[in-house]
Amino acid sequence: RDPIAKRMQFTDIDDIEPTVKVLNNTFASGKTKSKQWRFQQLRQLLLLMDERFDDIVGALHADLGRNLFTSGNEFNMIKGNIHDALENFDTWAGKQKKPVPILHQPGSAYTIREPLGTVLIISPWNYPIQLTLDPLVAAIAGGNTVAIKPSEISPHTSILLSEIIPLYMDNDAIKVIQGAVEETTELLRLKWDHIFFTGSSFVGKIVMRAAANHLTPVTLELGGKSPAYVDENVNLSVAAKRITWGKFMNTGQTCIAPDYILVHKSQQEELVQLIKNAIDEFYGNPYESNDYERVVNENHMGRLQGLLEGQTPIDEPVIIPDERYMSPILILNPDPDSKLMQEEIFGPILPIITVDNHDQAIEFINSRPKPLALYCFSKTTSICNDFVDRTSSGAALINDCVSHPAIHTLPFGGVGNSGMGAYHGIYGFNTFTHEKPVLFRSTLLDPSIRYPPYTDQKLSLLKKVFNLHIPKNLIRFVAIPAVAALGYGVNAYFEFYKFGGEE
């Protein structure tokens with residue numbers, strides 16, 4: 001392994017709090033709120049990606065054996081989100097007019113999106129560029145200052161980010177903090193206006209507990225065991241190829257990779273063979289393929305080998321721990337209570353479980369924590385709808401898998417154990433902003449009916465006013481004159497009776 005991991009310079013613990021104070025001060029100055037600043041930073045991020053493409057691809061390959069195609073897809077997704085933010089910023093950030101009820105006329109109301117403040121992004125090692133820069137795009141578009149904590153488990157990429165971000169981005173508003181557990185613990189000790197975390201459920205709970213000390217809102221992008229169901233009425237060849245592609249890209253180290261397959265008993269034997277054929281078609285000998293990546297480090301190799309204990313793979317696997325290589329492994333009908341079926345696999349091991357029908361598959365899925373994604377392969381619309389309607393998951397895909405994060409008009413996020421909150425496109429912008437309601441009222445009218453003492457006459461009149469109903473499309477034409485007349489009438493009424501009905 002490249003010794004760069006040993007050369008990685010962690011941020012000094014004593015420097016972390018002063019660094020965060022710089023970010024706080026920058027936000028307090030109002031600098032990041034302007035559209036000009038946000039656009040400048042987003043364009044600088046585009047420039048960074050264009051000019052440092054080769055460096056980033058090299059770092060990803062060093063950390064994960066990442067192939068050029070997958071790296072290119074990551075770049076396209078990030079750049080797509082940047083262009084989306086630039087093109088739609090005025091709509092996202094603009095005033096959204098809201099109707100005002102008749103009792104509050106004359107007046108006007110709207111909502112605006114305001115930045116949260118100083119935010120923390122803790123990114124993972126499996127897609128260390130995309131899952132760092134995608135939330136960064138949303139945080140910048142939202143007008144925040146940002147601290148980035150990349151993963152020490154992908155050292156080449158983390159070191160590169162710490163070197164190039166200061167060269168392109170505003171150093172007073174965007175900082176990279178390097179470190180591991182101790183440094184992250186110090187970051188979580190501090191107060192933030194939002195924490196965006198991508199990683200395991202175990203660490204997600206730690207982040208949430210720390211955030212609770214400051215009542216800091218969190219977005220948790222976690223994972224879980226995402227199932228794929230293969231029906232009896234299905235294009236089996238397409239299903240096998242798409243599942244194989246989604247499972248074994250990045251050697252299974254994808255949070256939304258199909259974790260296991262539930263297959264109708266009539267299709268099990270043929271599906272296994274088609275998946276084996278797809279592996280051979282995609283990779284040939286995976287060990288020699290430039291398109292088959294590597295497990296991130298020796299620790300994760302050991303974890304994956306532990307999941308295989310007591311299991312019987314369909315074919316003899318090839319495992320070379322020193323080279324972080326594990327071949328694609330298929331396991332038929334493992335014990336549902338085994339470690340393999342209880343923990344998120346996050347590697348190139350694919351359990352295949354036979355079911356009698358789709359109802360049994362849904363029952364199996366619902367007996368387990370809610371997954372980040374669910375995949376249903378079927379030609380029967382009612383069965384597809386059953387999986388959408390009768391299960392809960394971060395996302396549901398029909399006859400495809402893993403492709404939904406590339407669609408920036410869709411939110412990406414989990415539910416239950418698989419996470420909370422969402423991002424991409426406007427959903428990311430909304431995550432890193434607060435929707436503030438604003439109400440303007442006129443002082444020309446100030447009916448005394450709103451103020452004590454609340455006499456029987458006032459209550460009687462209020463009941464009549466509350467029963468008024470004006471169609472929404474007529475409010476703008478009748479509300480102000482109606483309220484003006486009502487206001488003058490109410491004032492005259494109570495002036496005449498001196499609030500108590502006395503003559």
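**Cavities and their linings**

The second largest cavity is lined by Gly-224, Lys-247, Gly-252, Thr-254, Cys-255, Ala-257, Asp-259, Glu-344, Ile-345 and Phe-346. A cavity here is a set of points, on a 1 Å grid over the protein atoms alone, where a 1.4 Å probe fits but cannot get out, and a lining residue has an atom within 4 Å of a point. The model is predicted, so local features need pLDDT of at least 70 and side-chain atom pairs count only at pLDDT 80 or more, while totals for chains, interfaces and linings use all residues. Residues are numbered from 1 along each chain as its sequence is written, and side-chain values use heavy atoms, leaving out hydrogens and water.

The volume of the second largest cavity is about 40 Å³, a volume being the space filled by probe spheres set on the points, with points joined across faces, edges and corners. Its lining divides into 4 nonpolar, 3 polar and 3 charged residues (nonpolar: Ala, Val, Leu, Ile, Met, Phe, Trp, Tyr, Cys and Pro; charged: Asp, Glu, Lys and Arg; polar: the others, Gly among them).

In total, 2 cavities of 30 Å³ or more are counted. The largest cavity holds about 90 Å³ of space. It is lined by 13 residues, of which Asn-81, Val-137, Ala-138, His-424 and Gly-425 lie closest to its centre. At least two lining residues of the largest cavity come from each of helix H5 (68–93), helix H6 (130–141) and helix H16 (425–431). Helices (H or I, at least four residues) and strands (E, at least two) are DSSP runs numbered from the N terminus. Sorted by class, the lining of the largest cavity contains 7 nonpolar, 4 polar and 2 charged residues.

Now the chain around these cavities. It has 18 helices and 17 strands, and its C-alpha atoms fill a box of roughly 100 × 55 × 35 Å along the principal axes. Of its 503 residues, 51% count as buried (under 20% relative accessible area; exposed is over 50% and partly exposed in between, with a 1.4 Å probe and protein chains only).

Helix H9, which covers residues 201–212, includes Ile-206. Ile-206 counts as partly exposed because its relative accessibility is 35%. Lys-205 is also in helix H9, and it counts as exposed because its relative accessibility is 52%. The C-alpha atom of Lys-205 is 9.8 Å from that of Asn-417, although the two residues are 212 residues apart along the chain.

Note on methods. 1 Å grid on protein atoms, 1.4 Å probe; cavity = no way out; pocket = protein on both sides within 12 Å on 5 of 7 lines; lining within 4 Å.
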